[in-house]
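Welcome, and please open your viewer. We will go from stop to stop, and at each one you will hear what to select and what to look for.

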Amino acid sequence: MGALPVFRWRLAPDGYATRRQLRALGLRPGGQEVAAQLERPRRRRGPLVAYLYRVDLAVPVRPMTPGRRAALERANRARRTCPKCRRDAGYVIPAALGCCVPCAYPDPRGPEGSTL
């Protein structure tokens with residue numbers, strides 16, 4: 001494959017779309033190679049780059065099956081469960097902390113908190 005065609009931001013011809021644009025149309029790249037590149041110039045840094053795919057070669061998104069939905073729910077639950085206290089934190093545990101905020105920063109006054 002040769003060099004990719006490069007288009008300036010907002011000037012890509014019809015028939016090309018980014019992954020997000022394909023997803024909004026209910027499509028996915030489906031194994032096709034990147035067809036073109038979109039560049040948005042920036043000051044003092046390299047340009048922002050977006051890869052484009054051909055819409056005519058895109059295939060429909062696979063439907064969400066009950067098994068896939070259950071697996072996704074389990075994965076998200078695991079991301080919310082604190083490894084120290086084993087409770088559901090209600091949010092995704094930050095990788096930088098490795099545990100929920102109360103476990104990472106315990107209250108020195110104890111679980112009751114302030115006595116004022």
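A word you will need throughout: a residue is called buried under 20% relative accessible area, exposed over 50%, and partly exposed in between, with a 1.4 Å probe and protein chains only. This is a predicted model, in which local features need pLDDT of at least 70 and side-chain atom pairs count only at pLDDT 80 or more, while totals for chains, interfaces and linings use all residues. Residues are numbered from 1 along each chain as its sequence is written, and side-chain values use heavy atoms, with hydrogens and water left out.

**Stop 1: the sheet**

Helices and strands here are DSSP runs numbered from the N terminus, a helix being H or I over at least four residues and a strand being E over at least two. Two strands pair if DSSP finds at least two bridges between them.

Start with β1, β4, β5 and β2, in that order: they form an open sheet of four strands with mixed pairing. The edges are β1 and β2, each of which pairs on one side only. Strands of a sheet pair through backbone hydrogen bonds, either parallel or antiparallel.

Now walk across the sheet. Select residues 6–8 for strand β1, which runs parallel to β4 and is joined to β4 by three bridges.

Next select residues 36–42, strand β4, which runs antiparallel to β5 with six bridges between them.

- alanine 36 has leucine 52 in β5 as its bridge partner;
- glutamine 37 has tyrosine 51 in β5 as its bridge partner;
- arginine 40 has leucine 48 in β5 as its bridge partner.

Alanine 17 stands opposite tyrosine 53 in β5.

**Stop 2**

Which residue takes a positive phi in the hairpin of β4 and β5? Select arginine 44: the hairpin has two residues between the strands, and the phi of arginine 44 is near 65°. Arginine 44 is not a glycine, and this residue is exposed, with a relative accessible area of 83%.

Then select arginine 10, in the loop between β1 and β2. Its phi is near 70°, a positive value in a residue other than glycine. Arginine 10 is exposed, with a relative accessible area of 75%.

**Stop 3: the nonpolar cores**

A nonpolar core is a set of buried Ala, Val, Leu, Ile, Met, Phe, Trp, Tyr and Cys residues joined through side-chain atoms within 4.5 Å. Select Ala17, Leu22, Leu27, Val34, Tyr53 and Ala58, the six residues of the largest one. A second, separate core has five residues, including Phe7, Ala36, Leu38 and Leu52.

Now go back to tyrosine 53 and show its contacts, where contact means heavy atoms within 4.5 Å. Leaving aside neighbours within four places in sequence, tyrosine 53 is in contact with residues that include Gly15, Ala17, Leu22, Pro29 and Val34.

**Stop 4: the cysteines**

How many disulfides does a search of the whole structure find? The search finds zero, a disulfide being a pair of cysteine sulfur atoms within 2.5 Å. Select cysteine 82: its nearest cysteine sulfur, that of cysteine 100, is 3.6 Å away. Cysteine 82 is buried, with a relative accessible area of 0%. For cysteine 100, which is also in no disulfide, the nearest cysteine sulfur is that of cysteine 103, 3.5 Å away. Cysteine 100 counts as buried at 4% relative accessibility.

**Stop 5: the salt bridges**

The last stop has two salt bridges, found in a search of the whole structure. A salt bridge is a side-chain nitrogen of Lys or Arg within 4 Å of a carboxyl oxygen of Asp or Glu.

Select arginine 54 and aspartate 56, whose side chains meet at 2.7 Å, N to O. Arginine 54 counts as partly exposed at 34% relative accessibility, whereas aspartate 56 is exposed at 56%.

Finish with arginine 80 and aspartate 88, a salt bridge in which the closest N and O atoms are 3.2 Å apart. Arginine 80 is partly exposed, with a relative accessible area of 26%, and aspartate 88 is partly exposed, with 46%.
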